[in-house]
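The structure comes first, followed by the notes.

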Amino acid sequence: MTTLPVDRLGPWLHGRLGFEPPFTAELVAGGRSNLTYRVTDGAGRRVAVRRPPAKVEVAGAHDMAREHRILSALHGSAVGVPAPLALCEDPDPIGAPFLVTEFVDGDVLRDTAAAATLDPRARRSLGFALVDQLVALHRTDPAAVGLDDLGRPDGYLARQLRRWSGAITGAEKTAELLREGHRALRAGLPASSTALLHGDFRLDNVIVTGTGEIRAVLDWELSTRGDPLTDLGWLLLYWQPGPELGFLPGGSELEGFPTAAELAQRYAAGTGADLGRLGYYRGFAAWRLAAITLGVRDRYRSGAGAGSPVDVDRLDTEAELLAVAALNHL
């Protein structure tokens, strides 16, 4: 795992933000996504430092300047985000561009054990608060926050289908299922609206309190403008996925959490969105994650994987289950 060179970062933090040595750094989130560190100075002040992983597998997927722009635009809005403090696009201080934000106290519920620490009433409040944050994001006027030129919203879904279909290779069962899903998704492409998207909106990408409040939404590296129901479909993919998709992180199957249907109903009430084609978006979410998983599997099989070793046979099984789930939704 990539370490943070505080001996080089410290002088930069001192000169830019007035922090004082000695500095310590602790990894709090990492993997193939951006890495997040808690950095503490000699006076006990803390910040979060975000940097790309050691190996960037998808061009543009770990853009620090983009994430800084999104946080700057949304900070102070109805969407809770960490306050951005500084951006360094020069790789010299730590070996990569990085972003500094406030450190937000709270918990991230990455698995069932973490979710079990909340009582059922807090879990119910949290589920609805999560949807309310998605509603707030999708109701944000991009022009009002200076993001009216973010991404290319026209044809967003069609471009997503083209992009991730490129990860489908081979003639085995999983690839054939994904090709079938791709054909169904292309044939049923819906007319769509445009909103600000998060791109990876789910329970384990928010910081929560013990009473079920959301203190901040994290991981904005994939944010763009596009069809807002893709965010909702992605959230529901990870929400109470059932035993066949039990490998997905979460814990939302515990007592107290709202059902997927309740989340969708609350989203519709908050946005006025027509959810008559929600099955399409749930299918798209499962298909997209299956294609991503298949691409990761193939990279590891070719020896070009990044991060910790993985069981590629397990990835193949997961991709197949997701591909079947996509077809069931469609």
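Which are the buried residues of α7? They are L229, T230, D231, L232, G233, W234, L235, L236, L237 and Y238, where buried means under 20% relative accessible area, exposed over 50% and partly exposed in between (1.4 Å probe, protein chains only). The model is predicted, so local features need pLDDT of at least 70 and side-chain atom pairs count only at pLDDT 80 or more, while totals for chains, interfaces and linings use all residues. Residues are numbered from 1 along each chain as its sequence is written, and side-chain values use heavy atoms, with hydrogens and water left out.

**Helix α7**

Helices (H or I, at least four residues) and strands (E, at least two) are DSSP runs, numbered from the N terminus. Helix α7 covers residues 229-238, and ten of its ten residues are buried, so the helix is largely enclosed by the rest of the structure. The cover over these buried residues, with contact meaning heavy atoms within 4.5 Å, includes α4, α5 (156-165), β6 (195-197), α8, α9 (278-301) and α10 (312-329). Just after α7, Q240 has a positive phi of about 45 degrees.

**Salt bridges**

A salt bridge is a side-chain nitrogen of Lys or Arg within 4 Å of a carboxyl oxygen of Asp or Glu. The count by this rule is 16 salt bridges. Three of them are tabulated.

| Salt bridge | N to O distance |
|---|---|
| R45 and D41 | 2.8 Å |
| R266 and D132 | 2.8 Å |
| R202 and D204 | 3.3 Å |

R266 is partly exposed, with a relative accessible area of 34%, and D132 is partly exposed at 32%. In the R45 pair, R45 is partly exposed at 34%, whereas D41 is buried at 4%. Both R202 and D204 are buried. A network of salt bridges links R50, E67, D219 and E221.

**Rings**

A charge sits over a ring if NZ of Lys or CZ of Arg is within 6 Å of the ring centre and within 35 degrees of the ring normal. R45 lies over the face of F19, 4.6 Å from the ring centre. The charged end of R202 sits over the ring of Y238, at 4.5 Å from its centre; Y238 is one of the buried residues of α7.
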